[in-house]
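Hi everyone, thanks for making time. Please have a look at the structure on the screen, and I'll walk you through a few spots in it.

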Amino acid sequence: MKLHTKFSRQLCRNIDLICDFMGNSSDFIVREITAGHKHAALFYLDGMTDMQKVQDNVIRPLHDRVSSDEITLPLLKNAILDIGEASFAQNFEDALEQILSGGLLLLLDDMDEGLIISLPGWEERSITDSKTQPVVRGPQESFTETLRTNTTMARRRVKDTRVRLTTIKVGEKTKTDISVMYLHGVADPKKVQDMISKLKNMHVEGVLESEYLEECLQENKQLTIFPIFYNSDRPDSIAAGIMEGKIAIFVDGSPFAILAPAVFVDFLQSAEDYYQSFIYSSIIRILRYICLAICMLAPAIYVALTTFHQDMIPTVLLLSLSAQREGVPFPAFIEAMIMEVVFEILREAGLRMPRTVGQAVSIVGSIVIGQAAVEANIVSAVMVIVVAITAISSFVIPSYTFAIPIRILRFAFIGIAAMFGVYGLTVGILMLFVHLNGLHSFGVPYLSPFANYKSSEQRDAILRFPYRTNKKHRKN
């Protein structure tokens, strides 16, 4: 029997088929009751449906308010049952999909139609502060794993009648609810339709997190380690993107929403930039770009100078470096690779270990291993300092997903510096800019507004200009 088969007028046959489809799972509840003089059955999943509401809003009204055979599903929906959201189902596929989403199915004998009642009752995580993008000043709340809670938090900040929300089910097995939110009249309608069309035509087995969508939505010809979409668990960041005309995508079960299109500068901006003085925010942004360069190039520059270009180092500093490296058996390249790999191990260990001991392991491990390595003449003290500054600089980058490719590129640039020196680094940096210039995020150049220069957008690129100088969106 196929799922799209319509209901039978025989209730016992419907019960047998639904139980067969569900495989007699222990958490699947079939409760047969009497409504007036009619035989009825309720189908729901234990833990997915609010049991107290089932008893008070469905079962008790069916027992107390139904007294005749002349009952219909519209009558139950509109006058008898104390329910809110409800809909009708004609086949097993629609009914089972709603049951698996926390709904309750009511079937009556001698009726070939069912009533789906929304009574979700699963446990939800409370709203907490953001763990990935914390701020000192600003809203201290983040998204949860519940789709409707997340869309409500974003809509609460953008109280505009032009906000539009479209929900689509994606995933052949998970049938995950995906909501697309945008500001009508500000967002590009072609990009909105293209996004919705891609989501509807997406053929994947399941979507458990927003990263699934990011990979599927990325153009096949764009092979890159850089994130093409911006993700955040902060409602204020997503709301700001919506007001700018971007498209927000919410995934049921994920506390991270996606913004598209996203450009290079988005990943170096923090929500707190807009909650502090524009002078302070501009200085901090410049500091982030400096830290980006340090994080990506500092070990490579050290390796290049000490291996090929000693004449570029001041004499006093060169003598100090030579004295420190005396007795170290490895070249600068091996030193850098050892320390970088060790630090990456400590970083991952700190992330995966319990929070109470993770930070202690990272800090103590770095100090102990670094000091022991210097005393054992495995690496020089300067190399430990360079790696430490590089590691600290990586934490200044606001977006964790953007910091990952920078960490990968750091290893690539160290290898280039060991083989070709500063000349190789120069060529490598130029190739990186060429690569970034060729990327697009949903039709928008990745290096915009620099590569595709737009003077009107420079007020919030590197520097943040005062709010009074920003142009407001035109209302349609």
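Let's begin with Gly 102, which follows helix H4 and has a positive phi, near 100°. Keep in mind that this is a predicted model.

Now step back into the helix itself. H4 covers residues 92-100. At its start, a side-chain oxygen of Asn 91 comes to within 3.2 Å of the backbone nitrogen of Glu 93. Which residues of H4 are buried? They are Phe 92, Ala 95, Leu 96, Glu 97 and Ile 99.

Next, the cysteines. How many disulfides does a search of the whole structure find? The search finds 0. Take Cys 295, which is in no disulfide: the nearest cysteine sulfur belongs to Cys 291 and lies 8.7 Å away. Is Cys 295 buried or exposed? Cys 295 counts as buried, because its relative accessibility is 0%. Cys 216, on the other hand, counts as partly exposed, because its relative accessibility is 40%.

Cys 295 also leads us to our last stop, Ser 394. Leaving aside residues up to four places away in sequence, Ser 394 touches Cys 295, Arg 347 and Ala 403. Where does Ser 394 sit? You'll find Ser 394 in helix H13, which spans residues 381-394. With a relative accessible area of 4%, Ser 394 is buried, since the cut-off for that word is under 20%. Its side chain also reaches the backbone oxygen of Ala 391, at 2.5 Å.

That's the tour, and I'm happy to go back to any of these spots.

Note on methods. Residues numbered from 1 in each chain as written. Predicted model: local features only at pLDDT ≥ 70, side-chain atom pairs only at ≥ 80, totals over all residues. Heavy atoms only, no water. Disulfide = S-S within 2.5 Å. Buried < 20%, exposed > 50% of the residue type's maximum accessible area, 1.4 Å probe, protein only. Helix = DSSP H or I, 4+ residues; strand = E, 2+ residues; numbered from the N terminus. Polar contact = N/O pair within 3.5 Å; in protein donor to acceptor, adjacent residues only side chain to side chain. Contact = heavy atoms within 4.5 Å.
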